[in-house]
Amino acid sequence: MTPPVARAAGARDSAILPRGVAIVLSLLAGAGAFMLFLQFGWSDGRDVVDVLRAALILISTWWLAWGAVQGLMGLTTRAEPPARALEGPLTERCVVLVPVYNEDPVTTFSRVAAMDESLQATGQGHLFHFAILSDSRNETIAARERLWFLRLVQDRKAEGRIFYRRRTDNKGKKAGNVEDFIQKSGGAYDLALILDADSLMEGATIVEMARRMQAEPDIGLLQTLPVVTRAETRFGRAMQFSAAFHSPVFARGLAMMQGRTGPFWGHNAMVRVRAFAESCGLPELRGKPPFGGHIMSHDYVEAALLARAGWRVRLDDDLGGSFEEGPENLVDHAKRDRRWCQGNLQHARLLHAPGLKPWSRFVFFQGIMAYISPLFWIGFMLASIAAPFFAPAPDYFPEPYWPFPIFPQAEASKAIGLAIGVFGLLILPKFAVALHAAMSGRARAFGGPVRAFASMLAELLFSSLSAPALLAYQTRSVFQVLLGRDGGWPTNNRGDARLSLGEAWAASHWVVSTGLVGLVGTWYLAPGLVVWMLPVLVPMMLSPVIISWSSRPATSRIFTTPTDLEEAPVMRRQREILGQWENEMIAMKDVSLTAEVSHAGV
Amino acid sequence: MTNIASLSGVEIERLVQDMGAPVVAPLVMPKQVLESAEPLSLRRAGRAILTMLHLGSAPRQEM
């Protein structure tokens, strides 16, 4: 297949203006913060620590502003379907890939059953196959996978349509798992929908994606915006609300800037198989993990490689019917984040990879910034504590022959203005999204404008309280990676999420200690800054309570999301199938277990 | 389900092999080049920037 380089070169990149606006506005915000802080810092005399602090503020504010501008830009347009639609019938063949790694097969396969049922209902089911790609290393789970695969095929009458294979090794982790399938079976398909074990998609959405890819042959990858569903804990509900309420707006901003080099988030995305095969064979990087070895955050790299080969990578945020599940407590979130942190920092090795589009390099840089940005804030706080020791002694008589003292001009208003500005960058997009949702009627799907606004405020409060602990975990992850510690590939925890206070303490006592040391140190070295540090240090010292409390089941009606009010058909069917299978599993426990145990020994 | 649950491990294994094996249709997936032969150094990066800005010396060409 010839890569569509000629078409790509001739195509107009409509993202230049949005990208330029976003970059200029965020840089202006950073520069403004730099100037304001310098005026404040130099009010008591000029010293190098003030310049350092102003530089740290510049970087941090630019990064915050970058996110805020993306959100605000997303409010200016609406997600629309592409102009070019497929006129003839859909003919391209597609395989739905479901990589699994020590997951509960009953839950995962019930999703496959629901998606297959939904696809068959579209009348286009004959064009779609499923392939469950197991990388499970736990023999009992693998035995259950085989058992439940047979049940799935029997239930869906899907012999020759739903496949299952287990690799003998985990080479290349998830990317290697997909690559293995493409190398052995990819030639049979035009398109492949890549999912995660917790992904769920409506058949109509999958068919529409295939139609769009057939209509535009230069698309190498089409990404949907997955909606987080089925959260039950307070933490999970807050994240689910935030993702449903804010993410579509931020994704719209991202889509405006994507041009031909859109994102790939690793799942709920369709690829053109031959384009993927020709462009996305990932090499092992020189050296050992965390920076060498196999590429962990493979999705960003695959998107960059497709773009490098001239293929269009596009986020179609107008597509609904795309779902996933998220972590249910802060500790699970931090574990997943540890893996993402290592993967994103590894991209530092690829910033200068040959032939990449400049925007792809910038996407790598953004991914790195997402993890190292807390270091700039921490650096700023530490430099602020140290600043009084470097400040020059006040000179009340700067004029040689002037008999009266001249007191330094108080510039506290500038510091307060800067603090308000930074705080504004954090909360302004969220308030703007809430206002927009109320005015456009989108808030109705979140329980009405009042409940949506209350949910937004509650999420803002919760994220403010949990942010210091999350940033502490993130910072530790960055240092672990920089010190060469490989985080490996832990299984996602999709079971009971509740954490006792003891478990939360075990996971976060070091955060408490760090907060305590920070408070005592600030009190001792710069008592004037204690009040400014309390919003960070107090939540750190309370982190076990916050972690444990937020891991409990949510009972309030706050954080209502559209899928709570109107369950998507594929979600309802998956729930029904899962319920039926679980009942049978309990009723047939002995038989099932016997089969599983005997099979495990095979 | 009763039928499946009553199968022995060997029978399940055989059935999964028969029914589960995906279609065989190989496709070549060449490894991509992501790292240059020489690791990045400040000198190389500086030289690349200067060349890009037409400030550095271009590689000598044969007459």
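Across the interface of chain A and chain B, 3 salt bridges are found. The model is a predicted one. Chain A brings 52 residues into contact with 33 residues of chain B.

**The interface of chain A and chain B**

- One salt bridge links A:Arg146 to B:Glu13, with the closest N and O atoms 3.4 Å apart.
- Polar contacts join 15 residue pairs across the interface of chain A and chain B, with both residues at pLDDT 80 or more.
- Several elements of chain A each supply at least two residues of the side that touches chain B. They are helix 5, strand 3 (162–166), helix 6 (173–185), helix 10 (273–279), helix 11 (298–308) and helix 21 (589–600).
- Helix 5 of chain A gives the most to that side, with 8 residues.
- By residue class, the side of chain A that touches chain B holds 29 nonpolar, 10 polar and 13 charged residues.
- About 3,700 Å² of area is buried between chain A and chain B. Carbon and sulfur atoms give 67% of that area.

**Strands 2 and 3 of chain A**

- Strand 2 and strand 3 of chain A pair in the parallel sense, over 5 bridges.
- In this pairing, A:Phe130 has A:Ile162 of strand 3 as its bridge partner.
- Strand 3 of chain A is mostly covered, with 4 of its 5 residues buried.
- Strand 3 is also one of the elements that supply at least two residues to the side of chain A that touches chain B.

- Strand 4 of chain A covers residues 191–194. A:Leu191 and A:Leu193 point one way from this strand, while A:Ala192 and A:Ile194 point the other way. All of these residues are buried.
- Strand 1 and strand 4 of chain A run parallel and are joined by 4 bridges.
- Strand 4 and strand 8 of chain A run antiparallel, and 4 bridges join them.
- A:Leu193 takes part in both pairings: A:Leu193 is the bridge partner of A:Val96, and A:Leu193 stands opposite A:Met270 in strand 8.

**An open sheet of 3 strands**

- In chain A, 3 strands form an open sheet in the order 5-10-7, with mixed pairing.
- Strand 5 (200–201) and strand 7 (227–228) of chain A are the edge strands, and each pairs on one side only.
- Strand 7 pairs with strand 10 (residues 322–324) of chain A in the parallel sense, over 2 bridges.
- A:Val227 has A:Phe323 in strand 10 of chain A as its bridge partner.

- A:Ser136 sits in the loop between strand 2 (128–134) and helix 5 (139–156) of chain A.
- A:Ser136 counts as buried because its relative accessibility is 0%, and the cut-off for buried is under 20%.
- The side chain of A:Ser136 makes a polar contact with the side chain of A:Glu145, at 2.5 Å.
- Leaving aside residues up to four places away in sequence, A:Ser136 touches A:Val100, A:Tyr101, A:Asn102, A:Glu103, A:Ile141, A:Glu145 and A:Arg166.

**Positive phi at two asparagines**

- A:Asn102, one of the residues that A:Ser136 touches, has a positive phi of about 55° although it is not a glycine.
- A:Asn102 lies in the loop between strand 1 (94–100) and helix 4 (105–121) of chain A.
- With 18% relative accessibility, A:Asn102 counts as buried.
- A:Asn268 also has a positive phi, near 55°, and is a residue other than glycine.
- A:Asn268 is placed in the loop between helix 9 (247–258) and strand 8 (269–272) of chain A.
- A:Asn268 has 0% relative accessibility, so A:Asn268 counts as buried.

**A cis peptide bond**

- A:Pro289 and A:Pro290 are joined by a cis peptide bond, with omega about 10°.
- A:Pro290 lies in the loop between helix 10 and helix 11 of chain A.
- Helix 10 and helix 11 are among the elements that each supply at least two residues to the side of chain A that touches chain B.

Notes
Residues numbered from 1 in each chain as written. Chains lettered and ligands numbered in written order. Predicted model: local features only at pLDDT ≥ 70, side-chain atom pairs only at ≥ 80, totals over all residues. Heavy atoms only, no water. Buried < 20%, exposed > 50% of the residue type's maximum accessible area, 1.4 Å probe, protein only. Polar contact = N/O pair within 3.5 Å; in protein donor to acceptor, adjacent residues only side chain to side chain. Contact = heavy atoms within 4.5 Å. Buried area = accessible area lost by both parts, 1.4 Å probe. Salt bridge = Lys/Arg side-chain N within 4 Å of Asp/Glu carboxyl O. Nonpolar A, V, L, I, M, F, W, Y, C, P; charged D, E, K, R; others polar. Pairing = 2+ DSSP bridges.
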